[in-house]
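Biologist: I'd like to go over this one with you. Can you put it up?

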Amino acid sequence: MALDEQIEQVANRLKTAQRMTVMTGAGVSVASGIPTFRGDEGFWKEVRPEQIATPQAFRKDPKFVWDWYDSRREKLKECSPNRGHEVLASWSNRFPDFTLITQNVDGLHELAGTKNVIRYHGSLWEVGCWEECPTSPHRWEDRTCPIPDHPPKCPYCGGLIRPGVVWFGEVIDPEVLVMSSQASRCDVFFTIGTSSLVYPAAGLVSDAKDHGAFTVEINTESTPSREVVDVSLVGKSENVLDQIELALSRSVSS
Ligand code: NAD
Ligand code: ZN
């Protein structure tokens with residue numbers, strides 16, 4: 001089936017959807033100028049993940065890890081949401097029961113005005129106490145950028161603070177897991193711009209399908225989810241989402 005026919009099919013299904021869940025990955029932010037981890041332009045071409053995004057790396061060299069996160073924050077400050085983020089933000093108002101689960105840590109969905117965002121892997125704009133001192137909250141927002149003195153210190157205990165993202169080998173917040181699993185019981189589930197390799201996030205599309213959801217993938221490349229979903233839309237999320245939105249507004253006004 002041609003892409004425009006597939007898009008009509010998806011838009012038709014959306015007309016009656018009540019409960020919609022969207023899961024996003026790094027691909028949705030590419031058009032905003034933020035590279036993915038695994039693509040040709042990915043971060044991991046410059047630096048190996050085990051050097052940076054693990055508790056062991058932080059324990060070994062917190063300054064090195066903070067230098068990298070600070071430079072990501074500096075680049076991120078210049079980025080704005082793209083058309084894909086905008087369409088998803090408008091869907092968060094259109095559908096009565098909408099949840100967006102994102103693996104991204106860039107905050108662009110929130111900046112676009114999306115309601116009901118579950119951040120699976122935390123946020124680049126949050127920090128936490130490395131020592132988990134009892135007086136500090138688990139995570140708090142800190143947008144200081146650049147950070148003047150690396151590595152930054154905890155205002156509660158004077159120890160180190162860490163970036164508020166989930167690192168390799170760390171567990172996802174149990175509350176986030178429960179909320180995401182509940183959201184996978186929906187009418188329509190989209191998986192967009194994610195390589196579907198990182199579990200448990202990658203398993204949500206199968207859960208949704210097992211519970212009877214109509215499932216759609218949007219990605220520029222083939223991923224393991226392609227075998228699972230009802231419709232696989234091959235293209236850039238910023239373009240494909242724009243086209244779905246157009247088809248949806250046409251069919252709603254006609
Ligand atoms: P990934 O790098 O593994 O996969 C990105 C996917 O996006 C690929 O399948 C690629 O084909 C697809 N893609 C690229 N450009 C696209 C576009 N314009 N439209 C649609 N799809 C496109 O990323 P992931 O699956 O999100 O998982 C890895 C981890 O990387 C996550 O934990 C996330 O925290 C982290 N990450 C986040 C950001 C961010 O916050 N923007 C950036 C890089 C990595
Ligand atoms: Zn502390």
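Biologist: Which residue stands opposite Phe 214 in strand 8?
Modeller: Val 188 stands opposite Phe 214. Strand 7 (residues 188-192) and strand 8 (residues 214-219) run parallel and are joined by 5 bridges. Strands are DSSP E runs of at least two residues, helices are H or I runs of at least four, and both are numbered from the N terminus. Two strands pair if DSSP finds at least two bridges between them.

Biologist: What are the ground rules here?
Modeller: This is a predicted model, where local features need pLDDT of at least 70, side-chain atom pairs count only at pLDDT 80 or more, and totals for chains, interfaces and linings use all residues. Residues are numbered from 1 along each chain as written, chains are lettered from A and ligands numbered from 1 in written order, and side-chain values use heavy atoms, without hydrogens and water.

Biologist: What is the strand order in the open sheet of 6 strands?
Modeller: The order is 3-2-1-7-8-9, with parallel pairing. The edge strands, strand 3 (117-119) and strand 9 (231-234), each pair on one side only.

Biologist: Which strands does helix 5 lie across?
Modeller: Helix 5 (residues 83-94) lies across strand 1 (19-24), strand 2 (97-102) and strand 7, at about 145 degrees to strand 2. Angles run from 0 to 180 degrees between N-to-C directions, with axes fitted to C-alpha atoms, for helices over the stretch in contact (heavy atoms within 4.5 Å).

Biologist: New topic. Is Ser 237 buried or exposed?
Modeller: Ser 237 counts as buried because its relative accessibility is 6%; buried means under 20%, exposed over 50%, partly exposed in between (1.4 Å probe, protein chains only). Ser 237 is in helix 9 (residues 237-253).
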